[in-house]
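Biologist: Could you walk me through how to read helix packing, aromatic pairs and burial in a model? I would like the general idea, then the case at hand.

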Amino acid sequence: MTETAGPSFGPSALVTPANALTAARLLATPIFVAMIIVQGATWATAVVGTLVAGSDGIDGWLARRQGTTRSGAFLDPLADKVVVLGALFALASQGVLSWWPVALISVREVGITAYRAWAGRRGVSIPARPSAKVKTIVQDLAIATCLLPPLAPYDTLHTVAIWVATAFTLVTGAEYLLDGRRALRTTS
């Protein structure tokens, strides 16, 4: 039996501290995106971005301690995608990043989300791999290279970082497709 701190929530719970933190992350994303567009690479933008991205780890920790929920399993990755894609679109719209890697990341994120939902409707769960969490961290670091004032002037760094993030994103997308294909075959 695992020890939990505070209340414990079942899989069908909707109102939990972890979900509240995830909802706050979703609500804070437009502020973060607006800061990128209006202020660009400032310490304030970097701090807000760090808080928004960093809260992902905290809500996961809370969920593991107090009980994971189906709503959290849906909301948490959604919030990750909203934060990352919002920041990437803002950076590309400002000319900081090229649209090509942003488009590739966007297509993968939306496509795999749709694929997992499609498989889920067929009773097949395609769980996240640890590499997917690494992918999100690499994406966050690529965004950070554009927003941290000491790193902001280095366009080559931004380019390398976003393409590394794109590679991680595409590799984990392929992993999801293979995992889903195997899982769908075993249920047929």
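Modeller: Let's start with a pair of helices: α5 and α6 are roughly antiparallel to each other, a label for angles over 145 degrees, whereas under 35 counts as roughly parallel, 65 to 115 as roughly perpendicular and the rest as oblique. Before we go on, please note that this is a predicted model, where local features need pLDDT of at least 70 and side-chain atom pairs count only at pLDDT 80 or more, while totals for chains, interfaces and linings use all residues. Residues are numbered from 1 along each chain as its sequence is written, and side-chain values use heavy atoms, with hydrogens and water left out.

Biologist: At what angle do the axes of α5 and α6 cross?

Modeller: Axes are lines fitted to C-alpha atoms, for helices over the stretch in contact, and angles run from 0 to 180 degrees between N-to-C directions. Helices are DSSP runs (H or I, at least four residues), numbered from the N terminus. Here the axes of α5 (residues 130-147) and α6 (residues 155-187) cross at roughly 160 degrees and come within 9 Å. Their crossing is left-handed, meaning that the near helix is turned anticlockwise from the far one by less than a right angle; clockwise would be right-handed.

Biologist: Which residues make the contact?

Modeller: Contact means heavy atoms within 4.5 Å. Among them are Val134, Val138 and Ala142 of α5, and Ala161, Ala165 and Phe168 of α6. By class, this contact has 12 nonpolar, six polar and two charged residues. Ala, Val, Leu, Ile, Met, Phe, Trp, Tyr, Cys and Pro count as nonpolar, Asp, Glu, Lys and Arg as charged, and the others, Gly among them, as polar.

Biologist: How does α1 run relative to α2, roughly parallel or roughly antiparallel?

Modeller: The axes of α1 (residues 17-39) and α2 (residues 43-66) cross at roughly 165 degrees and come within 9 Å. That makes the two helices roughly antiparallel, and α1 passes α2 in a left-handed crossing. Leu21, Phe32 and Ile36 in α1 are among the residues that meet α2, whose side includes Val48, Val52 and Leu62. The contact divides into 13 nonpolar, seven polar and three charged residues.

Biologist: Now for the rings: how many aromatic pairs are there?

Modeller: A pair of aromatic rings is described by the distance of the centres and the angle of the planes. Rings of Phe, Tyr and Trp (its six-membered ring) pair if their centres lie within 6.5 Å; planes under 30 degrees apart count as stacked, over 60 as edge-to-face and the rest as tilted. The count comes to two aromatic pairs. Phe89 and Trp99 are edge-to-face, 5.5 Å centre to centre with 70 degrees between the planes. Phe89 sits in α3 (residues 70-93) and Trp99 in α4 (residues 99-121). Tyr115 and Trp118 have centres 6.0 Å apart and planes at 20 degrees, so that pair is stacked. Both lie in α4, three residues apart, about one turn of the helix.

Biologist: Is Tyr115 buried or exposed?

Modeller: Buried means under 20% relative accessible area, exposed over 50%, and partly exposed in between (1.4 Å probe, protein chains only). Tyr115 is buried at 17%, while Trp118 is partly exposed at 33%.

Biologist: What does Gln139 touch?

Modeller: Gln139 lies in α5 and is buried, with a relative accessible area of 2%. Leaving out residues up to four places away in sequence, Gln139 touches Val84, Ile105, Glu109, Ala165 and Thr169.
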